[in-house]
Amino acid sequence: MSVSNDAPAIFPVGDTVVTFTAQDSAGNKTTCTATVTVMRSGDVDGDGKLTIKDAEYSFRCYLGQGPCSQACDVDGDGKVTINDARCIFQKYLGQPSCLD
Ligand SMILES: [Ca+2]
Ligand SMILES: [Ca+2]
């Protein structure tokens, strides 16, 4: 019996449907699917915590003064703007933000 799946090496933010396929030695095949959801956390630098550094990281990306990653776009509009840094900062302060 073999089992395979079509999961990507890195899951993008949002929902990804992964299809698992099992096949036995007689060639019988069945599939099932699972949905993997990657949430926006605001932890831009990936240290496991949301801190002021994450807002700074996103802000520097916006200014073109530092590295950018997909994680910098926390509001999910497809670009890194001042709003992304603000959103992280608001979350850090415990205020309502796009990350709620
Ligand atoms: Ca962090
Ligand atoms: Ca954005």
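Is Thr-33 buried or exposed?

**View 1. Thr-33 sits in strand S3.** Thr-33 is exposed, because 10 other C-beta atoms lie within 10 Å. (Contact means C-beta atoms, placed from the backbone, within 7 Å.) Asp-6 is 27 residues from Thr-33 in sequence, and their C-alpha atoms are 9.9 Å apart.

This is a predicted model; local features need pLDDT of at least 70, side-chain atom pairs pLDDT 80 or more, while totals for chains, interfaces and linings use all residues. Residues are numbered from 1 along each chain as its sequence is written, and chains are lettered from A and ligands numbered from 1 in the order written.

**View 2. An open sheet has 3 strands in the order S1-S2-S3.** The pairing is antiparallel. Strands S1 (2–5) and S3 (29–38) are at the edges, each with a single partner, so one side of each has no neighbour in the sheet. (Strands are DSSP runs of E, at least two residues, and helices runs of H or I, at least four, numbered from the N terminus; two strands pair if DSSP finds at least two bridges between them.) S1 and S2 (residues 14–23) pair over 4 bridges. Ser-4 stands opposite Thr-21 in S2.

**View 3. Helix H1 packs its buried residues against helix H2 (82–92).** Buried in H1 are Asp-54, Ala-55, Tyr-57, Ser-58, Phe-59 and Cys-61. Gly-64 follows H1, with a positive phi near 75 degrees.

Conventions:
Buried ≥ 20, exposed ≤ 12 C-beta atoms within 10 Å, placed from the backbone. Contact = placed C-beta atoms within 7 Å.
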